[in-house]
Amino acid sequence: MSDTALTRDGDRADGTVPAPRRRVRIPAAAGLLPFLSFLFLFLLLPAYGVVKKGFGGEGGGGFSPSTFFDVLSSESKAFRGSAKVSLVTAVLGVVIGTAVAYAAATAQRPKWLRSLVAAFSGVAANMGGVILAFLFFTLLGRQGLGTKLIDEGVGYQLYDTGWFDISGFWGWVTVYMYFQIPLMVLVTLPAIDGLKPAWREASSNLGGTTWTYWRRVGLPVLAPSMLGGFLLLFANAFSAYATVYALNNQANVVPVKISFGLVGDVGGKSSEPYALATGMIIVIAVAMGGYLLLRKRAERWQPT
Amino acid sequence: MSSRTFRSRLSRLGPNLVLIACAFFFIAPIISTTRQAMQRVPMPLLNWSSVFDKWTLDGIKKVFEDPMFWPSLQFSLKLAAATVAITLGLLVPTALYVHLRIPKARGLVEFLTVLPYVVPPIALAAGIAAFYRANARWLFSSQWALVPFYVVMALPFTYRSIDAGIKAIDVRTLVDASRSLGAGWGTTLRRAVLPNMASSLVSASFLTTTVVLGEFTIANVLNKPTFPVFSFQFFGYEPQGGIALAMLTLITTTILLGGLTILARPKAVRAARKADRAAGITRTTRF
């Protein structure tokens, strides 16, 4: 292959320079065309279809924002349900995830601990879904091993107190933590690596206590990552469908309502699931936009 | 001296408790799943004297004997293969083109690749129903209908992986060297560029495969008989088998993804660690 190429070059060097081909000038961006059209066809068109039908009048035609707001107000309970589970799991995820990341990053002894936590987080953050729900049925379901052990061990009957059910709100929260904590660990580990030991030494040389260090140096540096992580976790929980559907297919949250509407909407006439999906896209877009902005800010102190 | 070690031990007490509690939380469901998949003792009868009784592989056998197990797995593997092929075919040329010809557009393309985050799977399913059910029924009802949408869903992960693979090599020098030796574009790609970014291509393919093999939302709403949809239905009529299947899936994905993390760790990091170890430096001296 390369031999023939060499001969060809040699020929050219002999003076038989081929006449310069006339080239039509194509803008450099043209090379992006396949990629852009793929995104257009399989992401933007569906999104446009959702928004158009979400804002459409009865029968799917025309433009009537009132349908959109009607659906949103009649399903406000689903939005509140989604917001509540997202908020609670995001706050808990940020707090516990940051603590775990800090503990793993600063641990001295088993050298492999940090890599293990990072690798496991990579796996668990992508878990979710039906399988995860099954795992927790066996642990904290009415006949679960954990439920039994808590009863035998400390005499606390989880299901007699009424607040906990694996198919209820706190059950969802428990299951969501299985992917929210690892996701936060992944987001915040680089930020914790960015905390330089020298800053701590400087702080204590200037007479600062541990508390001063955290209040004046540590937390301000971590704050953008933590806030960004909060938004990412919120969006993540808000859009989760499979997990909550497998736990309770009657759950009053936006994704389950959308799937109900879609399966029921055989003729394609109803605008309800599309209005719900539009509302969902808006919520996620705001959260993700905030996350991307904060990530830029957070990367300032991170080692590259 | 001893008071200092005592204080440093004490300061590790909190973090270590956090780590132990978390390890417990993350391991407990796996243990309970394993028990339920492989032991046939009803929970009320389980105690210290029956804990070793009636362990069986029947649940696992039921999985493999179910008539829908292999077809659904094959279907999902086919979808995964098609998704990987389209992903690589679309993204590798695009990413290389952006790096070589229009580096200014890198930020823009990166931004476009995270757009799928904004349209969650359930909203994408609504979009497929809204647009393709009305305008392209053949695509909507085709068995390959899910493939392009899986490419889109995996895009944020796959593009980042391929992009990182290109950044890690000096692609311009490679291309210039190969071209000035007379190689055409095909040879340059095949013999100079792609072999050097092999690990990033492998990791992009792995990520795509795990996305496809785990995706439930769109397949369920569009009623396609994929592997995750089968897992869910199987649990409905064969609970112990369903739990056994969950366990097998978990083990397989953990091995796949765990292997990937080791494989995809940048060579530079590995080399740096090795050098550190050789020089006797421990990077763990943080606080």
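Predicted model: local features only at pLDDT ≥ 70, side-chain atom pairs only at ≥ 80, totals over all residues.
Residues are numbered from 1 along each chain as its sequence is written, chains are lettered from A and ligands numbered from 1 in the order in which they are written, and side-chain values use heavy atoms, with hydrogens and water left out.

Student: How many residues of chain B are in contact with chain A?

Tutor: Contact here means heavy atoms within 4.5 Å. By that rule, 82 residues of chain A are touched, and on the side of chain B the number is 81 residues.

Student: What is the area buried between chain B and chain A?

Tutor: The size of an interface is often given as the accessible area lost when the parts come together. Buried area is accordingly the accessible area (1.4 Å probe) that two parts lose on being put together, summed over both. Carbon and sulfur atoms give 77% of the total between chain B and chain A, which is about 7,100 Å².

Student: Which helix gives the most to the side of chain B that touches chain A?

Tutor: Helices are DSSP runs (H or I, at least four residues), numbered from the N terminus. With 14 residues, the element of chain B that gives the most to the side touching chain A is helix H2 (residues 13-38).

Student: How many salt bridges does the rule find across the interface of chain B and chain A?

Tutor: A salt bridge requires a side-chain nitrogen of Lys or Arg within 4 Å of a carboxyl oxygen of Asp or Glu. Over all chains the count by this rule comes to 7. Across the interface of chain B and chain A, however, the number found is 0.

Student: Is B:Ser205 buried or exposed?

Tutor: B:Ser205 is found in helix H11 (residues 198-214) of chain B, and, leaving aside its neighbours within four places in sequence, it is in contact with B:Val84 and B:Leu88. Buried means under 20% relative accessible area, exposed over 50%, and partly exposed in between (1.4 Å probe, protein chains only). Because its relative accessibility is 17%, B:Ser205 counts as buried.

Student: Where on helix H3 of chain A do the buried residues fall?

Tutor: In helix H3 (residues 65-74) of chain A, the residues A:Thr67, A:Phe68 and A:Val71 are buried. Seen down the axis of H3(A), the buried residues fall within an arc of 100°, so they line one face of the helix. The arc is that of the directions from the helix axis to the C-beta atoms, and the answer asked for is therefore one face of the helix.

Student: Which residue meets B:Asp58 in a salt bridge at 3.5 Å?

Tutor: The pair links distant parts of the chain, 18 residues apart, with B:Asp58 in helix H3 (residues 58-65) of chain B and its partner in the loop between H2 and H3 of chain B. B:Asp58 counts as partly exposed at 31% relative accessibility. The partner, whose side chain is 3.5 Å away, N to O, is B:Arg40.

Student: Which residue forms a salt bridge with B:Lys62?

Tutor: B:Lys62 lies in helix H3 of chain B, and its partner, 176 residues apart from it, lies in the loop between helix H13 (227-237) and helix H14 (239-264) of chain B. B:Lys62 is partly exposed, with a relative accessible area of 26%. At 3.4 Å, N to O, the partner is B:Glu238.

Conventions: Helix = DSSP H or I, 4+ residues; strand = E, 2+ residues; numbered from the N terminus.
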